[in-house]
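Subject: Structure handover

Hello,

Here is the structure for you to look at. Please open it first, then read the notes below it.

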Amino acid sequence: MSIVEQPAPRLTGRQAWALVGVLATALVAWLLFAVWPSRLDAILISKKAFINSIFNGVTLAGLYFLVASGFTLVFGLMRNVNLAHGSLYLFGAYIGYEVSQRTGIWILGVGAGFVGLAIVGLLMQLFIFRRLEGDELRQTLVTLGISIVAADLMLAVWTGITYQIGVPSWLDGAVKLPIITAIRSNGTAVMMTYPLYRLVVLAVAIIIGVGLWLMITRSRIGTMIRAGVDDRAMLSASGVNVHIVFAIVFAVGAGLAGFAGVVGGTALSLAPGEDVRYLLASLVVVIVGGMGSIPGAAIGALLVGLAEQLGLVYLPTYGIVLTFIIMVVTLALRPQGIMGKARPSVAPILALDQPNKAAVASAQFGIAQGVLAVALLLYPLVASEFFLTQIGAYSLIWGLLALSMMLLAGYGGMVSLAQITSAGIAAYTVAIFGTNNMQVYGFGWPWWVLVPFAVLLAAITSAIIGAISVRTEGIYTIMITLAIAAAFFYFAQQNYALFNGHSGFAGIPTPHVAGIDWRAPVPFYYLCLFVASACYAAVLYCSRSTFGLALQAIRDNGRRMRAVGFDITAHKVVAYFYSGIIAGLAGVLLVWFNGRVSPGTVDVGQSIEVLVIAIIGGLRHPIGPLLGAVFVILIQTFAIDIVGAERFNTLIGLVFLAIVFVSPDGLLGLWARISPLLAQESLHSRLPGGAALRALTQSTQGRME
Amino acid sequence: MSLNRRALLGLGLAAGLTIPSIATAEDTIKIGVLATFEGAFAVLGDDSMRGALMAVDDVGSKVGGKKIEILKGSSDGSPDSAVRAVRKLVEQDGVKVLVGPLSGDEGLAVKDYAKTKPDVTIVNGTSAAQDTTLRDPAPNFYRFSTDGAQWMAGLGDYSYNVKGYKKVATLAEDYSFPYTQVFGFMAPFCKAGGHVVKKFWVPIGTKDFSSVIAAMPDSIDAIYVVLGGSDSINFLTQYQQAGGQAPLIGGSVTVDQTILGSKGKIHDVVIGTPSAGPIADNNDAPAWKKFVAAYKKLPNAFPSPSLFAQGYYINMTALLTGLQKVNADVSDGGTRLRTTLASLVLETPTGKVSLDKNRNAIADNFLTEVAKNADGALYNKLIKVIPQVNQTLGMPEDEFLKLGKVGRDNPSCP
C-alpha cells in the first residue's frame, strides 16, 4: 500500500480526551490568571466572586472528601451503611474543641479527635457490628438508633450553643495568590487574598487522599481490604483474620470522621445539626462517586463542593437542591456511581435468616381480631377528646404511613425513606387545590375531586421515586430515598411559587359532608379508622394476591423471577405506586388533622420517624406498623411527663435500639415470643374453638416458608 | 392464650390510658408556658422559662387568691409540634390561659389554633411574625411584645441620616423572620432616599458565607446583616478573614451579647455596628437594672437577659395582672379577662406597653451601637430610645397594609 492510499489519520478516543484535557487546562489557566473582559465580569458577577467560589468549592470539597472517605471505606468493605457517621463527625469535633480549649494547642485537639473516634469506632465494631455480621439492614438500623441517641446525648452535654474552635496562629491569616481580581483606576492590579487555613485543609485532604489510595492499592493490608470487598468468604478462607481487618477499617473510617470534625469545626463552627448535614453530604458524595472507591469519593466531593458554592452565589434560591439533582442524574445514567464497579445483583445462595421479611399473612378472622375491631369501634365511648384525636387518630395516620413503608419493605424487601415525600405531595395538593388562608392559590376544588387527585399525585410521585430507586438494592435504596426526601424538603422550603416556601400553607379545612363536620373528634377518628382498616385489608389481600406473591418472590430471589419471565422493574415500580396510594391517603388525613402543611412536615426527621415506627412495630404483618405508631405516639406525647421534654429522643432511640437488637421483628416479634409462654396454662383445649385459636396463635409466630 | 387473659390485658391497657387527669383543687389556677424546650433551641426556651418564672415570683406565685401551677408545653421550633404541645395543654391538661409560643412560625400556627378554642386565652411568648396580629388576628390572642419589624424601628433612619449610608446590600436567611427584619429596616430607609442595591438570601442553615462575601458589590456603603447565633459568628469570622471593608448594620440578634462575648478576631469588623431591638444591655433605666439584677440571681442565667427572657417576662406579667383584676376567675370562658387585657397599660423594665386594636403591643424600641468599654470588652451602647413604636411603624394603617406582605422581593428600592 503506498502512502497516498493510507487512510487519513484520525484521533483515537484516548487522544481526543487528552486534547479536551489540554484545552480545558488552558481555559482554566486563562480564567485564573488573565484580566477578564468586562462582559465576562458582568455575567459572572465579578472575577473575584467567581474565583472565590471556585476556591471555596474546592476547599470545601477537601473537607467533604475527608468525611466521606471514612464512610465509603466502611461501606465498601463491610457493606455497612453507617448512618451514625455524622454523629462521629460531631463527636470528634466536640472532643477536639474540649482538648484544644484545655491545652491551648490546636494540633492536640486534632489528634484527640482522630484517636478518640478511632477508639469509638473500634468499640462499635467489636461490640455491636460483629454480632450483627451478615445482616446489613439490621446493622444500618442500629447505626440509625445510635445516631438518634448520640445526637440527643451530645445535645445534653454541650447544649445548643455554637462552639468555634480557634484557628491556631500559625495557620491564621490570608495569603496573596498570583491571581488578579481587578484593576484599580490607577492601573495597579488587585491580587487575590485567600485564607491560609482553607488552603491547608485542602492540602491535608489531598495528602490523606493520596495516602489512603496508596495504602489500598499498594500495601498488604490494602490488598486484603480489596480482596474482602470482592469476596469476603474467600478472604477468610485464605487465612486472613477478617475481623481484625474489619476492625482496623472501621477504626480508620471513624477516626477520619473525627479528624474531619475538628478540622471542619475550625473552619466553620460546631452546633447540633451539623451531624445530619455531613451525613447527607457524605451520602451524596459516595453515591455520586461510587461506593468503596477513594478516587470516586474525591470526584464526588469535588462535584458536590463546587455545586454548593457556585449554587450559593449564582443560584441562591435552588442551589441547595443542585447537589441532589447531581445525585439523581448520576443514578439515572450510571447507578453504580462514577468510579463504582458495576456489581452483579447478588442472589443470596444461602438462605440467610432475614426475620424482617413479611410472610403471607393469615387472614383468618379469629376471635382476637374480632375483639380488637370491637374495641377500636367502641373507643370513642371511653376516650376523651384529646385521646381520640391526638392519640387515636394521629396514631392511625402515622400507622398508615408506616404501613405504606411496610408494604415495600416487608413484602418487597425495599426500604424506602421517601414515604413522607409522597404523603407531603398529597398534603400540598390539598392545600393548593383546596382551600387555605394564606391567600396563595387555593382553587377551592370540592373534596370528591380533590382527594382522589391528591392521592393519585402521591402515587405517581412514589412511582417516580421507585423508578429512580429500583436500579438499586437493599442499603443503597435507603440512602437514595433518604437523599430524595431531603431534596424535596429543601425544594419545598426554597420554592415560593408553588409550595409557599418556609411558611407553607395554613387554614386548610376538613370538608363538611352530609351535614357532618368531619374534623370533629368522633367523626375524624372514625374516618381515620375506616381508611386505616381499608388499607390494612388491602395490604393483607395484596400479600396473598398474585401480585403480592410475585413481589415476595422477587424479594427472595430476583434473578430467578427474571429467569422465569417476570418483569422485575415493573413489579417493583407498581409496588411503589400502591404504597404511594396508602401514603397519599395518610397525607390527606395528616393535612386535615393539622390544618396546615409546611416543609417541616416532610423533613428528614419525619422521614426517619416513619422508619422508626415501622421497625418498632414489626414488618412481618400489616398490624405491626399500626401498633408501632400507637407505641411511639404515646411515648412522644407523655414523655414530657415522664422524663421531661429534653431527653425523650434518647428514650425513643434506646427503645428503637433495644427492639433492633432483641427483637428485630419489633413488637410483633416480642409478642410472638411471649404468647406461647402465656399460652401454656390456658383453657385452650377446653374451650370450643380452641383449636382454631391455637392455629391462629401459631400462624402469627411462624413463617410459612 | 385464653380469650379472657388477652382481653383483660387489652381492656386494662385501654382503661389506664383513658383515665382523665385528676381534677384540680378549687384553689389553684393552671397556667401553661409554651416554648421550645426540645432540640437545638432549648437554650432559648430555658431563658424564656426564666423570664416567665420571674413574673410568677413577682406576684408571690399567687393570683386572685389562687395558687399558680405552671405547666410546660414543649415544642422543637416547628409549627406542627407547637400546635401539638398547645393541644396537650388545653385538651388534656385542661389549661385555660397560657403564654407562648417562642418562634415566629409557631405563633402563626398557634393563632390559628386559638381561633378554634374561643374560651382559651393565649398571650404571646416572643413570636415576632407580623401577620400573627396584623392580618386575620385571633380575638383571643394577645401580644404584649413587639414584632420583628417593630424591632427595627429607628435603624433605617439612623443608618441613612446619621451614619450616612446611602447604598447598602442585605444578607439574610431565606425565611419569614429575616424577611420581617429586612422589611422593618428597609421601609424607613427607602423612604428616606436610601438604595438597597442587592439582597442576598441564603438558605437556612448556611454556614459558609465566604462565597457570598466575595460576591458583595464594591460600591456599597454598608452591609445589613440579619443572622443569629452561630451563623452570625461564622459570618463575622469569615468577613474578617476575607478582609471585608464595608461596615456592617446588624439585625436584632446579629450582634447580641453571646456574639460580642465570643473569642476571635471579630472585634475589628464589629465595632461601630448599629443595631436595634426590644432590649438594650446597658439601659440605664432603674426598672431595667432591677430586672437584670433579679435575673442574674437565677441558676444557669446568661450574663444579661436575652430578649426571650424579657419577652416572656412581660407577657406573663400582663397575663397575671389581668388575672388579678378578674380575681383569677375564668369560669365565664375568659370573657372578662380578655376585656381587661385589651385595655391594659403596663410599666415594664423596658418602658410602657399597651395594645393596639389588633391586640399587638405598642412599646419602646432601643437603638444601639457596638462599642468598646474601658476593659476592652465589647458591649452594645444605647444610642437612643425610640418611644412607643406601633405595628405600622408610625404609618397610617392602610398605607402600611398596602406595602404588602413581607417576602423576598418586598420592599424593593434598588
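First, a term you will need: helices (H or I, at least four residues) and strands (E, at least two) are DSSP runs, numbered from the N terminus.

Now the ground rules. This is a predicted model, in which local features need pLDDT of at least 70, side-chain atom pairs count only at pLDDT 80 or more, and totals for chains, interfaces and linings use all residues. Residues are numbered from 1 along each chain as its sequence is written, chains are lettered from A and ligands numbered from 1 in the order in which they are written, and side-chain values use heavy atoms, with hydrogens and water left out.

**Cavities**

A cavity is found on a 1 Å grid over the protein atoms alone: it is a set of points where a 1.4 Å probe fits but cannot get out, and its lining residues have an atom within 4 Å of a point. Grid points are joined across faces, edges and corners, and a volume is the space filled by probe spheres set on the points.

The whole structure has five cavities of 30 Å³ or more. H13(B) gives the most, with four.

For residue classes, Ala, Val, Leu, Ile, Met, Phe, Trp, Tyr, Cys and Pro count as nonpolar, Asp, Glu, Lys and Arg as charged, and the others, Gly among them, as polar. On that basis the lining of the largest cavity has seven nonpolar, six polar and one charged residues.

The second largest cavity has a volume of about 100 Å³. Its lining includes A:Thr59, A:Tyr197, A:Arg198 and A:Gly264, and also B:Asp208. Helix H3 (47-78), helix H7 (196-218) and helix H10 (242-267) of chain A each supply at least two of the lining residues. By class, this lining has seven nonpolar, two polar and two charged residues.

**Where the chains meet**

Contact means heavy atoms within 4.5 Å. By that rule, 53 residues of chain B touch 74 residues of chain A. The two chains bury about 5600 Å² between them, 54% of it on carbon and sulfur atoms. Buried area is the accessible area (1.4 Å probe) that two parts lose on being put together, summed over both.

A salt bridge is a side-chain nitrogen of Lys or Arg within 4 Å of a carboxyl oxygen of Asp or Glu. There are three between chain B and chain A. One pairs B:Asp80 with A:Arg596, at 3.5 Å from N to O.

Which element gives the most to the side of chain B that touches chain A? H3(B) does, with seven residues. That side of chain B divides into 18 nonpolar, 14 polar and 21 charged residues.

**Salt bridges overall**

Over all chains, the count comes to 21 salt bridges. Among them is A:Arg277 with A:Glu308, whose closest N and O atoms are 3.8 Å apart. A:Arg277 lies in helix H11 (residues 274-289) of chain A and A:Glu308 in helix H12 (residues 294-314) of chain A, so this pair ties together parts that are 31 residues apart in sequence.

**Backbone details**

A cis peptide bond joins B:Gly100 and B:Pro101, with omega about 0 degrees. B:Pro101 sits in the loop between strand S4 (97-99) and H4 of chain B. Another cis peptide bond joins B:Asn410 and B:Pro411, with omega about -5 degrees. B:Pro411 is in the segment after helix H15 (397-402) of chain B.

Finally, look at A:Ala514. Its phi is near 50 degrees, a positive value in a residue other than glycine. A:Ala514 lies in the loop between strand S4 (512-513) and strand S5 (516-517) of chain A.

Best wishes

Terms used. 1 Å grid on protein atoms, 1.4 Å probe; cavity = no way out; pocket = protein on both sides within 12 Å on 5 of 7 lines; lining within 4 Å.
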